[in-house]
Amino acid sequence: MTTIADRLEPEVLPEYVPSTVLDGAAREEAMRMMARLAEHVRNKTTDQAEGNFEEPVENYADEELFRAEVETLFKRIPLPLALSCELPAKNSYKALQAVGVPVVITRDATGEVHALLNVCRHRGALICGEGLGSGRALTCPYHAWSYGMDGELKALYGESTFGEFDKSTRSLVQLPCVEVAGLIFVCLTPGLEMDIDSWLGEFKPVVEALKLDQVHHFSTRMMPGPNWKVVIEGYLEGYHFASLHTNTVFKTNLSNTAIFDGFGPHERVAFALRTLEANLNEGKDVADLDPSANVGSIIWLFPGMSFAGGWRERMTCSLVLPTTKVGESMTEQRVLTRSPVTEENREELEVFRDFFYDVTYEEDYITGFGVQTGVGNLGGTTQIYGRNEPGVQYVHQTINRLMKENHEEGLALPREAS
């Protein structure tokens, strides 16, 4: 099979374009991060956890545990299902499937954001096809029942012949929703209180520093994958760069050279770019360098949103969600840019988009499908995460902790290594 590495020449690798997004306290923090990475580059080291960590392989393939994860995590915590830039105008919407739940997120005529079940209250048909759109109403294609962008039932075809009923009882089902820091969070359980400030906690300034409310949406592509935990591991360590991404990511990033910070359920992992190594070899002072040109940051919102390169001019934003099957996931990979999309920069953005999609799918995800097959044949054993993989250790420890803290009778719990 021809791979992305076979098709690429070095000169067509996408350029990491710096930006001036970092300022104030965010820039000071980025400078400290770069100094930490510089020490690792000089010493050929990396941030490490206190010890190794093991996870039973059954936790990747057990169907009862998977159903418990969906109910305990994905249907009860705030999920960042959209970015503000995907609904930039009034009367716009985004429709998607989130762990089997059809959701439509709208921005109404006043600019207010709503999240609704994308299910007609007449006969249960899906109202909007998946993707982005606009309009003054949401109209069901089955019998033309029409809803306002706030979900209120406004009109129905042949109303005089249908019979009388209270239309206020047939509005679309509302989901808890809040817009903050350029992200739109949704809870998939109607009526459940959502405290976004508590959920983000000390991670909120890290997200705000990305200035997502100022970015532009260029593209979205969907990417099928294996179990969601297999997928997210690849975003949270650079140990695999030299072996799996030899002719792609490894050409711009050092392998096994990273720093890690945890923030409640969320985390930040940052990799040393080769530009940092080159600048240090030339004797340059770290204090004179630009973090956006020397650090590859991953801002990770639990349970599955990654911002890669968020300090730069262009970034990828990936949202990993389970499907309804334990061995499947779907990733929504977006490309965002700090400058408006024009005919002049469109070709470069297309190269950037294609490169990161192909690398992620053909290298990371294809390998992940193999992992999913592998763990299905290794019952009774464990995966082992090294001290040099603190981000992967942290996310599994967070999953297991939240599953226990929010456990409900009748739902499975993660197995523990003996």
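Two strands pair if DSSP finds at least two bridges between them. Helices (H or I, at least four residues) and strands (E, at least two) are DSSP runs, numbered from the N terminus. These terms apply to every legend below.

The structure is a predicted model, in which local features need pLDDT of at least 70, side-chain atom pairs count only at pLDDT 80 or more, and totals for chains, interfaces and linings use all residues. Residues are numbered from 1 along each chain as its sequence is written, and side-chain values use heavy atoms, with hydrogens and water left out.

**Figure 1. Hairpin of strand 16 and strand 17.**
Strand 16 pairs with strand 17 (residues 305-308) in the antiparallel sense over 4 bridges. The two strands form a hairpin, with 3 residues between them.

Buried means under 20% relative accessible area, exposed over 50%, and partly exposed in between (1.4 Å probe, protein chains only). Strand 16 (residues 295-301) is largely enclosed by the rest of the structure, because 7 of its 7 residues are buried. Both of its faces are covered. One side carries Val-295, Ser-297, Ile-299 and Leu-301, and the other carries Gly-296, Ile-298 and Trp-300. Strand 16 also pairs with strand 15 (residues 266-273), in the antiparallel sense over 6 bridges. In this pairing Ala-272 stands opposite Val-295.

Strand 14 (residues 253-263) is mostly covered, with 9 of its 11 residues buried. Strand 14 and strand 15 run antiparallel and are joined by 7 bridges. Gly-262 stands opposite Glu-267 in strand 15. The two strands form a hairpin with 2 residues between them. Gly-264, in the turn, has a positive phi of about 65 degrees.

**Figure 2. Packing of helix 2 and helix 9.**
Two packed helices are described by the angle between their axes and the distance between the axes. Axes are lines fitted to C-alpha atoms, for helices over the stretch in contact, and angles run from 0 to 180 degrees between N-to-C directions. Helix 2 (residues 24-43) and helix 9 (residues 274-281) pack at an angle of about 70 degrees, and their axes are 10 Å apart. Helix 2 is therefore roughly perpendicular to helix 9 (angles under 35 degrees count as roughly parallel, over 145 as roughly antiparallel, 65 to 115 as roughly perpendicular and the rest as oblique). Met-34, Leu-37, Ala-38, Val-41 and Arg-42 of helix 2 meet Leu-276, Glu-277 and Leu-280 of helix 9. The residues of this contact (heavy atoms within 4.5 Å) divide into 6 nonpolar, no polar and 2 charged. Here Ala, Val, Leu, Ile, Met, Phe, Trp, Tyr, Cys and Pro count as nonpolar, Asp, Glu, Lys and Arg as charged, and the others, Gly among them, as polar.

The 3 strands form an open sheet in the order 2-12-11, with antiparallel pairing. Strand 2 (79-83) and strand 11 (177-180) stand at the edges with a single partner strand each, so one side of each is left without a neighbour in the sheet. From one strand to the next, the twist averages 30 degrees. Strand 2 and strand 12 (residues 183-186) pair over 4 bridges, and Ala-82 stands opposite Ile-184.

Ile-184 lies in strand 12 and is buried, with a relative accessible area of 0%. The C-alpha atoms of Ile-184 and Pro-80 are separated by 5.6 Å, although these residues are 104 residues apart along the chain. Ser-84 lies in the loop between strand 2 and strand 3 (92-98). At 12% relative accessibility, Ser-84 counts as buried. Leaving aside residues up to four places away in sequence, Ser-84 touches Arg-107, Glu-179, Gly-182, Leu-183 and Ile-184.

Strand 4 (residues 101-107) and strand 5 (residues 113-117) are joined by 5 bridges. Thr-106 has His-114 in strand 5 as its bridge partner.
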